[in-house]
Amino acid sequence: YAYIATFRFIYFRQVIFSVQFLIVLPTFWRIIRNKSTEEFSGVPYNMTLLNCLLSAWYGLPFVSPNNVLVSTINGVGAVIETVYVVIFLVFASNRKARLRTLGLASAVAAVFTVVALVSMLALHGPARKLLAGLAMTVFSICMYASPLSIMRMVIKTKSVEYMPFLLSLAVFLCGTSWFIYGLLGHDLFVTIPNGCGSVLGAAQLILYAIYRNNKGNAAGAGKLQGDDVEMSVDGRNSKVADGDDRGATGSTKAGKMVSQV
């Protein structure tokens with residue numbers, strides 16, 4: 001029964017992981033349709049790419065035995081996340097956003113290359129697993145923490161427009177399922193970071209529940225305030241212009257009186 005339960009959980013875990021990558025398709029369809037990343041952040045996708053690469057490396061048989069599931073699922077995830085990062089590069093809203101995304105992608109490639117080379121060439125056995133596991137743990141926590149900037153924006157603007165609900169739900173489910181998988185396999189390198197991910201995913205869902213009715217209101221309010229300011233400025237300019245006209249008319253009348261005298 002234990003083996004059957006574990007198999008069923010692994011199957012459920014694969015479904016959740018697949019859903020996590022697919023539910024962001026509407027977001028990227030919006031980016032492609034508008035040809036702009038707008039205010040969406042590319043940081044979570046770069047960090048997810050790094051996490052997938054390190055997790056796939058950690059799960060390889062010569063690094064961590066009996067973790068093929070971790071390697072295969074995260075290998076597929078790395079391919080999908082690479083596509084997402086490329087889309088962010090192509091449709092970056094401005095040059096600064098493109099350079100930031102390119103810098104993050106370069107850092108991801110550099111970190112993974114260093115970890116892979118050091119663990120492969122300089123370490124063996126338990127030491128190799130320890131390095132790969134620590135790297136995976138640290139950057140998994142970074143991945144789950146990367147939406148904190150978006151969460152701060154949600155609190156500041158009181159709008160969830162740029163924090164998709166399905167993505168937050170997937171983060172929670174993904175973190176929770178991997179956390180359970182780590183507990184079943186007695187693997188602290190899987191349990192610890194995904195436990196943190198489960199907590200942070202729950203925090204995102206709580207924020208969404210609080211501000212779910214304010215979706216898009218912040219942007220609209222900002223635009224309205226901008227329009228009001230512009231109208232106010234136009235009104236002041238009109239008054240100044242009227243005042244100038246009246247001043248000019250008065251000067252003309254005074255000139256006529258002087259000339260008549």
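1. Helices (H or I, at least four residues) and strands (E, at least two) are DSSP runs, numbered from the N terminus. With that in hand, look at what follows helix H8: His186 comes next, and its phi is positive, near 55°.

2. A word on the source: this is a predicted model, where local features need pLDDT of at least 70, side-chain atom pairs count only at pLDDT 80 or more, and totals for chains, interfaces and linings use all residues. Residues are numbered from 1 along each chain as its sequence is written, and side-chain values use heavy atoms, with hydrogens and water left out.

3. On confidence, pLDDT is the predictor's own score for each residue, from 0 to 100. The protein averages 74, and among its elements helix H5 (residues 95–121) has the highest mean, 91, while helix H10 (residues 217–260) has the lowest, 41. Please read residues 217–261 with care: pLDDT there is below 50, and beyond near neighbours in sequence the stretch has 4 contacts (heavy atoms within 4.5 Å) in the model.

4. Back to H8 (residues 165–185): its 21 residues reach 30 Å from first C-alpha to last, close to the 30 Å expected at 1.5 Å a residue (the expected span is 1.5 Å times one less than the number of residues). Its buried residues (under 20% relative accessible area, 1.4 Å probe, protein chains only) include Cys174, Trp178 and Tyr181.

5. Finally, Trp57 is buried, with a relative accessible area of 13%. Tyr45 and Tyr84 are buried too.

Definitions and conventions
Buried < 20%, exposed > 50% of the residue type's maximum accessible area, 1.4 Å probe, protein only.
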